[in-house]
Structures are given as C-alpha cells and as structure tokens.
Amino acid sequence: VDIVPVTPVFEQAWLDAFPVGLGFSNLGAFPGADGAEVRLVNVEYAWDAEHEDIGPVTRLRGEPETLYAFHGTAVLGVLLALLNDYGVQGGAPAAEVMVAHPDTLVDGLLEYDVALAIYEALAVLQPGDVILVEQQVYGPDGEFLPVSWDEAVRDVVEAATEQGVVGVVPSANGGVDLDDPTYGGVFDLDVGAIVVGGGFPPSYGEPRAWAGSDYGGGVHLQAWFTDIVTLGGSPYTDLYFPRGDERQAYTSVFGGTSGASALVAAMAAVVQSARIAARGAPLAPRELRALLVTTAVAQVGAEWVGPQPDLRRALRVSAIP
C-alpha cells in the first residue's frame with residue numbers, strides 16, 4: 001500500500017530500450033518476461049521488509065547485518081519492485097525472490113561465510129533459477145575483489161552451474177586489473193557464472209566506458225555503475241524521503257557493481273522465465289551467458305568490463321517459440 005503522503009511515479013531510464021536504457025520496457029510481447037517462471041536468490045546483508053514498494057521476499061537463512069539494510073533494499077528494488085501506480089518498477093517483478101544472508105549467528109557472534117549461504121540456497125533452486133551474490137572480498141593488499149577469489153566460493157558456484165542455476169557475481173569495486181599476475185590467474189578460471197563490471201550510463205560523456213570497477217578478461221558483461229533509480233534507505237534518500245520515513249525512501253544514485261549485477265541478474269531471470277514460457281525449458285547457464293554477450297552492445301575504452309547487454313535483443317533470439 002502507498003503510505004501517506006502519496007508517492008509519485010519515478011522515471012527509471014534503465015528500463016527503457018537501448019540506447020537510453022537496458023531494454024526492460026515493453027516486455028509484454030514476450031510471455032513470461034516478468035520473471036514469473038523462475039526463482040531468484042539474493043545473497044545479501046539485509047533489507048527493509050517494510051518498504052512500501054517491496055512485495056513478498058522469503059528469508060532463506062542467516063542473520064541480517066542491519067547496518068547495510070539500504071543496500072539490500074536498493075538491490076531488491078532493481079529486481080522486483082512492485083508493478084503499481086507509485087514509486088518504481090523492478091526488472092523481474094513476478095519472480096519469486098528470496099534472500100540468503102551470509103552471516104550466521106554462532107554463540108552470539110556473526111560468522112561470515114558466502115560459500116555456505118550459496119550452498120544452502122541451492123537446496124531450493126532448480127534449472128533456470130538465478131542466484132545473485134551481492135558480495136565482494138578483500139585481496140592481498142586490502143583491495144576489493146570478486147568473491148571468486150575464495151576457492152570455496154568458486155567450488156559452490158561451479159556446483160550451481162552444474163545444477164543449471166545461473167550465478168551472477170559482481171567484479172567488485174576495487175578499480176583493479178584482475179589480470180594482474182598478483183592474482184595468479186584465479187579470475188581466468190571459468191566456473192560458469194556471469195561476472196559483471198561497471199560502465200557509465202548514457203547520461204555520461206562516454207556511455208559503456210569503464211566507470212571504476214575491477215576489470216579484466218574474466219569479466220563478461222557490464223551494466224550501469226551509477227544513476228540507478230530504485231528503492232532507497234539511509235543514506236540513499238535523495239529522490240524521495242517524506243517525513244524521514246525509511247519505508248518511503250527512494251534514490252536516483254544507486255550503483256557500484258552491486259547495482260550493475262542486480263540489473264544483469266534481473267535480465268537473466270527475465271530471459272530464463274520467457275524461455276521456459278516459450279519453449280518449456282531454460283537455457284543452461286553458460287548458454288545464457290553466451291546469449292547475453294553475443295546480443296550485447298560493445299563497450300567503449302580499453303579497460304575490459306565487457307559489452308552492455310540489450311535485453312530486448314536477447315529475448316528476440318531466445319524466447320520466440
């Protein structure tokens with residue numbers, strides 16, 4: 001329900017067709033393109049379950065780290081914000097969305113284990129479903145790296161791929177070259193996930209150019225690194241925050257590889273759902289990744305963050321019976 005005062009409808013450029021957005025608009029031509037045929041798990045710190053524009057979300061496991069509730073709320077807004085006459089819209093609003101917290105309460109303390117969160121989430125997923133790992137880890141010099149730096153995470157993401165579940169992983173926000181010899185080729189190991197870097201949106205001088213994320217040959221796709229209009233929460237309250245009510249917070253500046261990965265995860269859910277509706281079965285994870293890459297728009301610049309996916313082109317190829 002729209003909480004008083006009345007929340008306006010906010011423009012979301014990322015929903016529009018290329019070159020303005022990423023292609024989520026006018027998906028009604030493709031049955032199932034609302035995500036209704038799939039489940040989507042977000043490995044996330046926390047979220048605000050009371051936000052006015054979030055539908056049902058199942059908490060699968062773990063304990064929320066409430067300091068970062070704004071982060072999960074913004075990500076869920078990108079994935080599934082409700083189709084209604086106020087606020088914003090999610091990219092896959094009919095998908096069944098669940099959250100797995102990587103923190104587990106043990107003897108009164110929180111223990112952080114991303115691999116365990118992914119492993120336990122796989123018990124409720126099936127081929128065609130999507131798992132978004134909204135985490136990054138510290139590298140040898142304290143820099144941010146993708147979670148695939150951790151061998152246990154690589155193993156469980158590869159298990160997800162073998163199960164037919166699409167993994168989406170941020171390239172992380174360290175601004176480093178993942179091809180650097182320091183990392184021993186770890187990020188060249190292909191476990192089947194989609195690794196997402198950050199590129200500038202069209203509102204910047206060089207759209208689709210590297211915007212500050214980690215980059216390198218192991219990154220498959222890019223999406224917007226900034227200016228994502230979605231649900232908010234302190235401190236992301238620039239767009240709408242009447243009476244200081246967190247349940248009505250909206251932002252126009254969400255981003256990082258968290259935002260970029262959420263956009264790509266929503267695309268993956270839409271394509272898989274439409275594919276199931278049209279042909280009765282989803283694509284295998286590596287097939288989906290290849291589809292999104294081959295139907296994408298080329299990046300700009302030298303630092304490799306991959307091309308920008310075009311959802312409408314991907315659907316025309318994959319979801320027409």
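Where is the place of Pro-5? Pro-5 sits in the segment before β1 (39–43), and strands of this kind, like helices, are DSSP runs numbered from the N terminus (E over at least two residues for strands, H or I over at least four for helices).

## Basis of the description

This is a predicted model, in which local features need pLDDT of at least 70 and side-chain atom pairs count only at pLDDT 80 or more, while totals for chains, interfaces and linings use all residues. Residues are numbered from 1 along each chain as its sequence is written, and side-chain values use heavy atoms, with hydrogens and water left out.

## Backbone features

A cis peptide bond, with omega of about 5 degrees, joins Val-4 and Pro-5. The bond from Ser-234 to Pro-235 is also cis, with omega near 10 degrees, and Pro-235 is found in the loop between β12 and β13.

That loop between β12 and β13 also holds Arg-243, which has a positive phi of about 60 degrees although it is not a glycine. Arg-243 is exposed, with a relative accessible area of 72%, where exposed means over 50%, buried under 20% and partly exposed in between (1.4 Å probe, protein chains only). Ala-172 is likewise not a glycine and has a positive phi of about 90 degrees; Ala-172 lies in the loop between β9 (166–170) and β10 (194–199) and is buried, with a relative accessible area of 0%.

## Helix contacts

The axes of helix α4 (residues 256–279) and helix α6 (residues 311–318) come within 10 Å and cross at roughly 25 degrees, the axes being lines fitted to C-alpha atoms over the stretch in contact, with angles running from 0 to 180 degrees between N-to-C directions. The contact, meaning heavy atoms within 4.5 Å, is made by Met-267, Val-270, Val-271, Ala-274, Arg-275 and Arg-279 of α4 and by Leu-311, Ala-314, Leu-315, Val-317 and Ser-318 of α6. These residues divide into eight nonpolar, one polar and two charged, with Ala, Val, Leu, Ile, Met, Phe, Trp, Tyr, Cys and Pro counted as nonpolar, Asp, Glu, Lys and Arg as charged, and the others, Gly among them, as polar.

Helix α1 (residues 69–80) and α4 have axes that come within 9 Å and cross at roughly 30 degrees, which makes α1 roughly parallel to α4. On the α1 side the contact involves His-71, Val-75, Val-78 and Leu-79, and on the α4 side Ser-258, Ala-262, Leu-263, Ala-265 and Ala-266. By class, this contact has seven nonpolar, two polar and no charged residues.

## Aromatic pairs

The structure holds 13 aromatic pairs, that is, rings of Phe, Tyr and Trp (its six-membered ring) whose centres lie within 6.5 Å, with planes under 30 degrees apart counted as stacked, over 60 as edge-to-face and the rest as tilted. One of these is the edge-to-face pair of Trp-210 and Tyr-215, at 5.2 Å centre to centre and 65 degrees between the planes. Trp-210 is partly exposed, with a relative accessible area of 27%, whereas Tyr-215, at 18%, counts as buried.

The rings of Tyr-240 and Tyr-250 have centres 6.3 Å apart and planes at 55 degrees, so this pair is tilted. Tyr-240 lies in the loop between β12 (228–231) and β13 (250–254) and Tyr-250 in strand β13, so the pair ties together parts that are 10 residues apart in sequence. Both Tyr-240 and Tyr-250 are buried, and together with Phe-10 they form one aromatic cluster.

Methods. Parallel < 35°, antiparallel > 145°, perpendicular 65-115°, else oblique.
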